[in-house]
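User: I am new to this structure and would like to go through its side-chain contacts and surface step by step. Please show it first.

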Amino acid sequence: GGIVGSTDSSLYPIIKIAEVQAFVDRTAQGAGQQRVTRTQTIVRTHNVDIRAVLFRSPSLYYRFNGDYQEIDPDAETRYSMSNGLFFTHRFHPIVSASANASWEMGKERDETRTGFRYYGSVATTPLKTLTNSLVYSGNREWAGETTTTNNALVLHNTAQLYRGLDATLNLGAQLTSSEQGDGASSSRRDLYVNLGTGINPHPSLTVTTYYLGKLSHTSDDSAGGAADTTENRWDLGLSFTPFPTLFLSATVNIGSVTG
């Protein structure tokens with residue numbers, strides 16, 4: 001006998017081994033035969049960006065941008081290039097305009113894409129607290145046997161009514177169409193109005209409200225008809241900073257869609 005828990009080895013002069021068991025440490029069957037497969041992909045990218053100033057007043061410059069990629073071991077190549085002219089000019093202290101047009105082409109996954117993009121805007125600032133701009137943009141793209149056209153016209157209006165009270169009013173229209181090689185076509189027309197306000201009754205408190213109303217008309221030959229959709233959305237946001245190290249915010253979104 002000895003003292004339970006004692007670490008004195010003299011209390012246990014003889015230790016008899018009554019049984020010996022053998023164990024084989026083995027993983028699940030077949031696990032040792034699994035092979036580790038590693039895949040290595042090498043992507044070589046080349047890029048060139050060239051700008052040439054044609055005129056300084058009014059500002060007109062030409063830009064070329066090109067990208068080329070080689071992907072191994074898939075032996076895949078991708079490329080894209082763009083040629084564009086960019087114009088900006090201030091006709092009057094309160095009137096300015098800008099425009100650009102670009103021709104693009106590229107290839108990815110054996111599909112060739114070409115497109116033409118265009119943009120134009122006129123901005124007026126009759127008052128320091130009032131800004132208006134009319135923006136027209138669009139593009140036409142050919143990909144395989146599909147031709148896609150997108151055009152948009154938006155009128156932006158921003159005004160500071162009072163100190164701490166800002167308002168925005170945007171009116172827009174967007175037309176999108178797609179034509180297939182077999183003659184099938186689809187189109188979509190969106191008309192929308194966006195009204196927003198930002199209120200700062202106190203330097204630490206900001207309240208923002210936005211309303212969006214949109215009317216959409218879609219037609220699709222493959223779907224066999226046309227559809228009209230009406231969307232209304234109201235966003236309300238509140239942010240409060242009682243201390244420089246504490247910021248609180250909350251938002252509420254209410255939306256409805258008919259059709």
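Predicted model: local features only at pLDDT ≥ 70, side-chain atom pairs only at ≥ 80, totals over all residues.

User: How many salt bridges does the structure hold?

Analyst: A salt bridge is counted when a side-chain nitrogen of Lys or Arg lies within 4 Å of a carboxyl oxygen of Asp or Glu. By that rule, the number of salt bridges in the structure is eleven.

User: Which residue forms a salt bridge with Arg 117?

Analyst: The closest N and O atoms of this pair are 3.0 Å apart. The pair links distant parts of the chain, 13 residues apart, with Arg 117 in strand 5 (residues 111-127) and its partner in strand 4 (residues 95-108). Strands (E, at least two residues) and helices (H or I, at least four) are DSSP runs numbered from the N terminus. The partner of Arg 117 is Glu 104.

User: Is Arg 117 buried or partly exposed?

Analyst: Buried means under 20% relative accessible area, exposed means over 50%, and partly exposed is in between (1.4 Å probe, protein chains only). Arg 117 has a relative accessible area of 36%, so Arg 117 is partly exposed.

User: Which strand holds the salt-bridge partner of Arg 113?

Analyst: Arg 113 forms a salt bridge with Glu 141, and the closest N and O atoms are 2.9 Å apart. Arg 113 is in strand 5 and Glu 141 lies 28 residues away, in distant parts of the chain, so the strand asked for is strand 6 (residues 130-143).

User: Is the aromatic pair of Tyr 118 and Tyr 136 stacked or tilted?

Analyst: Rings of Phe, Tyr and Trp (its six-membered ring) pair if their centres lie within 6.5 Å; planes under 30 degrees apart count as stacked, over 60 as edge-to-face and the rest as tilted. The count comes to five aromatic pairs. For Tyr 118 and Tyr 136, the rings are 6.0 Å centre to centre with 25° between the planes, and the pair is stacked.

User: Which residue joins Tyr 118 and Tyr 136 in one aromatic cluster?

Analyst: Tyr 118 in strand 5 and Tyr 136 in strand 6 are 18 residues apart. The cluster they form has one further member, Phe 116.

User: What is the area of the nonpolar surface patch that includes Leu 153?

Analyst: Patches are made of residues with over 30% relative accessible area and no salt bridge; like charges are joined within 9 Å, and nonpolar side chains (Val, Leu, Ile, Met, Phe, Trp, Tyr) within 5 Å. Accessible areas come from the Shrake-Rupley method with a 1.4 Å probe, and for residues only the protein chains shown count as cover. Leu 153 is partly exposed at 42% relative accessible area, and the patch also includes Leu 134, Tyr 136 and Leu 195. The patch area is about 560 Å².

How values were computed. Residues numbered from 1 in each chain as written. Heavy atoms only, no water.
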